[in-house]
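Hi everyone, thanks for coming. Let me put something on the screen, and then we can walk through a few parts of it together.

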Amino acid sequence: METIMVAKNLTKTYQMGEVKVEALKEASFELYKGELVVVLGPSGSGKSTLLNIIGGMDQATSGELYYLNKPLHTANSKELTLYRRHDVGFVFQFYNLMPNLTAYENINLAAQIAKDPLPIKELLEKVGLANRADHFPSQLSGGEQQRIALARALAKNPQIMLCDEPTGALDFTTSIQVLKLLKDFSTSYGKTVVVITHNTAIAQIADRIFYLKDGRLVKIEHNPNPLPPEKVTW
Amino acid sequence: MLRKKMLRDLKENKGTYLACIVVMILGIMVFTAFSLVVDNLKISQKSFYTEQNFADGFAQVEALPFSAIGNLQNIKGIKQIEGRIVKDVQVYAPQSQENIYLRLVSMDPSKENRLNDFLLEKGTPLSNKTMNIWVDNKFFEAQNLKLNDKLEIIVNGKIRELKVVGFGKSPEFIYALRTTADLYPSPETFGIAFVPIEIMEKIFVTGVYNDLVFSLEPGVDFEDIEDTLEYKLKPYGLRSLIPRKDQVSHSLLEMEITSLETMARVMPVMFLGIAAMILYITLKRLIEQQRGQIGILKAFGYTRGEILSHYLSYPLVIALSGSFIGGILGIILAGPFTSMYRLFFNMPEAPDNFSILYLILGIVLSLTFALGAGYQGCKNILKLEPAQALRPPSPPSGRRILLERIPFFWNMLTVQGMMAVRNISRNKGRSFFIFVGIMFCFAITAFTWSMNDLIQKMLFDQYEKVEVYDLKISLSQSVDAKAVSRELSSFPGVNRAEPMAEIPVTLKNKWLEKDVVILGLPPNSHLYNILDAEGNSVELPDKGILLSERLASLLNASLGTKLNVDTPLIEDWDSTKQVEVRGIIPQYVGINAYMNINALQEFLKAGPLATSFMLTTEKERVIPLKEKYRESALVASIEAKEESFKKLQELMASYGSFIYIYALIGVIIGFAIIYSSSVITVSERSRELASMMVLGMTPAEVLSVVTFEQWFLGLGAMIAGIPMSKLMLTGIAQAIESDIFSMPVVISPTSYLLALIITAISIWLAQQAAAGKIKKLSLVEVLKERE
């Protein structure tokens, strides 16, 4: 499989007031094209830190990170912006949609800065919300908002899609819908999807599972037979 | 504990609060400084008037025998009346480029308690026995005189020598103008001299008064005695009879005081209003942000009163510090400001009024504004129950706006643009504030630049387009126009000479009347152009009269109105004689009526008279011409236009600095408003802005959402600023309109352009300051928080 990202000994230390906190300790891994990776770990284990560094929102204190052989650990803020702009899609637990843009416009906000955006109408159909294109976020349910957020992340047609607890605020049925979309994106579009969660059940759909504990990447597990999302329960 | 929280909160938002304090300081500073200057001037004026026994009325006559005064003293209501001989003469100063004039005013050294008494600053009393005089201090300084210096004057072609034995000030000449056409005192070329009455009689060989001053009994108005006095003075050739309020020096001083008073009232209200708005939106935001903290405080058992007073302590600290600093600065500035006014208004220095009252008033004023704004900003949160306060506020809801119905406009926008435009209606209060702020910023700059423009243009037009002669010779009595024209034209170097008749008259339309000077000008004059509002020259009609706009409105006259004319100049005048109004023209300096000189001569039946001549000459012939005629008894003055023009330019240069101050004020207002609202917007929408950065937008693209909203509002505000600036100019024009000066309400496109540039620059600067806050947004931090 084609490697799109290589991380070597990524370490992140935060200065929290007077104390130093090591949020991530010497994490090394690779990410491959078209795979779905689930990162598991309890709160405070460094999941979000890892995701932020992969997504170019933050930089490691030490270690190296390459995206398609380009170093990200030495990139300046302008280069990181361009990286986020063209190569990364983000989905958050709390959606972060623009409250005063409609569903369609929220997607368009991302599409208009992308080099090769996916058609917005198609995306809306894909997430099953074509009929709600003109609604504002406050008129949508949580699950609908998250699906729009997903469509917004997809719209840029990124190489990597990063999701921070994407189902954390959703009920079971809606969660499964969202997971189906993520799985579909990795298989039919051949993009890399990284999902952070502390819900171990979700790991069953992954190609690989990263286990994080106290900032250390303790185990990387291959899953030769991932379950289709609709078969997952919790 | 809460005090520490407050101080730390203030520190966190120091930029915004600082902007607020600066605006407040400006407001209170202007208030204190101008109020004190007004007080200082008023106190000086009042004590000067009282101590020097300033007259309530003034009259000019042809000739009033000394003995007739007693008769006038008996008029009921008149407390004291004094006759004087007042004559303008030229000072013999062959080395001087310019003509120097002296107004000689007679006084009786033997009399006690004189009206308009001279305040002697240094020197010895006048004596009726020797040729001694007192002069005004400004003239004394400007001419580098020393006590007991000799001053030579030209009277009836002869040189007379006067000894200066003292200098001081007169309440009658606080603002000493030679003629009402002058705009400012010029002690280099004009001074006042007080001469013992017996010396005056000797110099001018006269036994009659030509000038009267009088005071009134308490409770008596000028109007009460006007008719009686007019009737009694008529036989002596009454030329003018005016109350104190029309006296030139007095009315100009009053005008200045009034306009200062207006400034002292209007400007602070404007500044404090803006400061209050900044406080309001900042506190409102702070309280929204600290909703959780307030919930906790309430849960602990803090009372509403305690929480309210905690949040009101922010505006309290700001208002106290702003008004205290502003008040102190105002008190410090009041001194130099007063001295500056004393340069123009020659009054004795009353001890400067250091009043703690204005400091207190300023503090009260700013506290009222600040606490009012603070309370408005706080009151909503107090209603919440603790549990409610602990919960996050309901999320903002997006809505469609009216503008979306205009597809052409809406489709032009990027998605950021759409967000920005929708944001306008998201927080209506703040948008309104930005709108009003930018509108003021634009209007203030547009109108002040325009005013500067206009004043310059009006004055310079007067010299460059209206009065196009090089020299004006005014005569002390009327002469035969043709003969003198011929003589002047033949003088070497004179290219052209045109006569002019300046006839003082009273124009009446029914019960309305006005004393003015009719200018009789030759038809197709080359040296004096009458212009219409567009600057095109207007032909003088063969018959009838042209009125200036202000005169026409004072007399309620329009085209075709027949005016009665009364003139003291001609004996046995038939006051039923009428003249028809044939045109109305703008006139910004002075107030006159115009007639064809031939028509005027015929109307007056006074033969081919002229009272002055306009000349164009070769430059190098000016001095010989002055030398030849300066000693002539007929010549009252020779005025070279270039000199007056030069002096005017100097005066205007110093006036110009005021304009920069106004422009600066505009910039500060615009900056403070945009800066504080940008900072608040960034803090309020940090989550949205961070999300956009995660999407891969550059900080500049993210900032554009905030700035687009401001530019969009700003554009509307600037358009609204156009009528606003007109309104301001109209207000000012009405306030300063007088017989000496009137101002057209026209704002030039250049002023609008300048206002646009200045406003845009201040908006841009403030946005750059806010941009820093966006760059510092920590994506990780912001997005981690729960909404």
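In which sense do β6(B) and strand β9 of chain B pair, and over how many bridges? Before I answer, please keep in mind that this is a predicted model. The pairing of β6(B) with β9(B), residues 190–196, is antiparallel, and it has 2 bridges. Within it, Trp134(B) sits opposite Phe194(B) of β9(B).

β6(B) also pairs with β8 of chain B, residues 158–169; here the sense is parallel and there are 5 bridges. On that side, Val135(B) faces Phe167(B) in β8(B).

So how covered is β6(B), which spans residues 132–136? Mostly: 5 of its 5 residues are buried. Asn132(B), Trp134(B) and Asp136(B) point one way, Ile133(B) and Val135(B) point the other way, and all are buried.

Now let's move to a sheet in chain B. Four strands make up an open, antiparallel sheet, in the order β2-β10-β1-β11. Why is one side of β2(B) and of β11(B) left without a neighbour in the sheet? Because β2(B), residues 78–84, and β11(B), residues 238–243, stand at the edges, and each has a single partner strand. From one strand to the next, the twist averages 25 degrees.

For β2(B), the partner is β10(B), residues 208–216, joined to it antiparallel by 6 bridges. If you'd like a pair to find on the screen, look for Gln80(B), whose bridge partner in β10(B) is Ser215(B). Lying across β1, β2, β10 and β11 of chain B is helix α6, residues 222–233, which runs at about 170 degrees to β11(B).

Another helix to look at is α15 of chain B, residues 481–489, where the buried residues are Ala481(B), Ser485(B) and Leu488(B). These cover an arc of only 70 degrees around the axis, so they end up on the same side of α15(B). Their cover includes β12, β13 and β19 of chain B. Turned away from that buried side is a face with the exposed residues Lys482(B), Ala483(B) and Arg486(B).

Last stop: where chains A and B meet. The contact takes 24 residues from chain B and 24 residues from chain A. On the chain B side, α13, α20 and α23 each supply at least two residues. The largest share, 6 residues, comes from α13(B). By class, that side of chain B has 11 nonpolar, 7 polar and 6 charged residues.

Key: Residues are numbered from 1 along each chain as its sequence is written. Chains are lettered from A and ligands numbered from 1 in the order in which they are written. This is a predicted model: local features need pLDDT of at least 70, side-chain atom pairs count only at pLDDT 80 or more; totals for chains, interfaces and linings use all residues. Two strands pair if DSSP finds at least two bridges between them. Axes are lines fitted to C-alpha atoms, for helices over the stretch in contact, and angles run from 0 to 180 degrees between N-to-C directions. Two residues are in contact if their C-beta atoms, placed from the backbone, lie within 7 Å. Ala, Val, Leu, Ile, Met, Phe, Trp, Tyr, Cys and Pro count as nonpolar, Asp, Glu, Lys and Arg as charged, and the others, Gly among them, as polar. A residue is buried if 20 or more other C-beta atoms lie within 10 Å of its own, exposed if 12 or fewer, and partly exposed in between; C-beta atoms are placed from the backbone. The arc is that of the directions from the helix axis to the C-beta atoms.
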